[in-house]
Amino acid sequence: ENVQFEYDSAKIRNSEYARIETVATYLKGNPRSTCILEGHCDERGTSEYNMTLGERRAEAARAHLLGLGIDGARLFPKSMGEEKPLDPGHAESAWRVNRRVEFGLYTR
């Protein structure tokens, strides 16, 4: 599941920790797997700002996974900015789902 964020924030809420812990459990059980952490934003803000915010979100999720004992060499943060919305709408209901980190799990 995706980790959701508040508007203009890269702080992971306590309610989102279980989602990251699920990824950590998977990675611990699959030592040949790696993870791309994609940081996404809603459409508000400039493209440059959203790329930076997406990076901060991806790095926040990476830091939490590191704290759970996952080797950083297996984690690849990447900002997607506002370029790939889950919901193309222009209201809070869309923006809420677009502020996220997605986990792409791959096995070598």
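Modeller: Strand 1 and strand 4 (residues 100-107) run antiparallel and are joined by two bridges. Gln4 has Arg100 in strand 4 as its bridge partner. This is a predicted model, and what follows should be read as a description of that prediction. The pair belongs to an open sheet of four strands in the order 1-4-2-3, with mixed pairing. Strand 1 and strand 3 (75-81) are the edge strands, each pairing on one side only.

Two helices lie across this sheet. Helix 1 lies across strand 1, strand 2 (33-40), strand 3 and strand 4, and runs at about 10° to strand 4. Helix 2 (residues 47-67) lies across strand 2, strand 3 and strand 4, and its angle to strand 3 is about 155°. The axes of the two helices, helix 1 and helix 2, come within 10 Å of each other and cross at roughly 60°. Helix 1 is therefore oblique to helix 2, and the crossing is right-handed. Where they meet, helix 1 contributes Tyr17, Ile20, Glu21, Val23 and Ala24, and helix 2 contributes Ala61, His64 and Leu65.

Next, the core. The largest nonpolar core has 17 residues, and those with the most contacts inside it are Val3, Cys35, Leu37, Leu65, Leu75, Val101 and Phe103. Helix 1, strand 2, helix 2 and strand 4 are the elements that give two or more residues to this core.

His40 is in strand 2. With a relative accessibility of 1%, His40 falls under the 20% cut-off and so counts as buried.

One backbone detail remains. Asp8 lies in the loop between strand 1 (3-4) and helix 1 (17-29). Most residues other than glycine have a negative phi. Asp8 is not a glycine, yet has a positive phi of about 55°. Asp8 counts as partly exposed because its relative accessibility is 38%.

Note on methods: Residues are numbered from 1 along each chain as its sequence is written. This is a predicted model: local features need pLDDT of at least 70, side-chain atom pairs count only at pLDDT 80 or more; totals for chains, interfaces and linings use all residues. Side-chain values use heavy atoms; hydrogens and water are left out. Buried means under 20% relative accessible area, exposed over 50%, partly exposed in between (1.4 Å probe, protein chains only). Two strands pair if DSSP finds at least two bridges between them. Contact means heavy atoms within 4.5 Å. Axes are lines fitted to C-alpha atoms, for helices over the stretch in contact, and angles run from 0 to 180 degrees between N-to-C directions. A nonpolar core is a set of buried Ala, Val, Leu, Ile, Met, Phe, Trp, Tyr and Cys residues joined through side-chain atoms within 4.5 Å. Angles under 35 degrees count as roughly parallel, over 145 as roughly antiparallel, 65 to 115 as roughly perpendicular and the rest as oblique. A crossing is left-handed if the near helix is turned anticlockwise from the far one by less than a right angle, and right-handed if clockwise.
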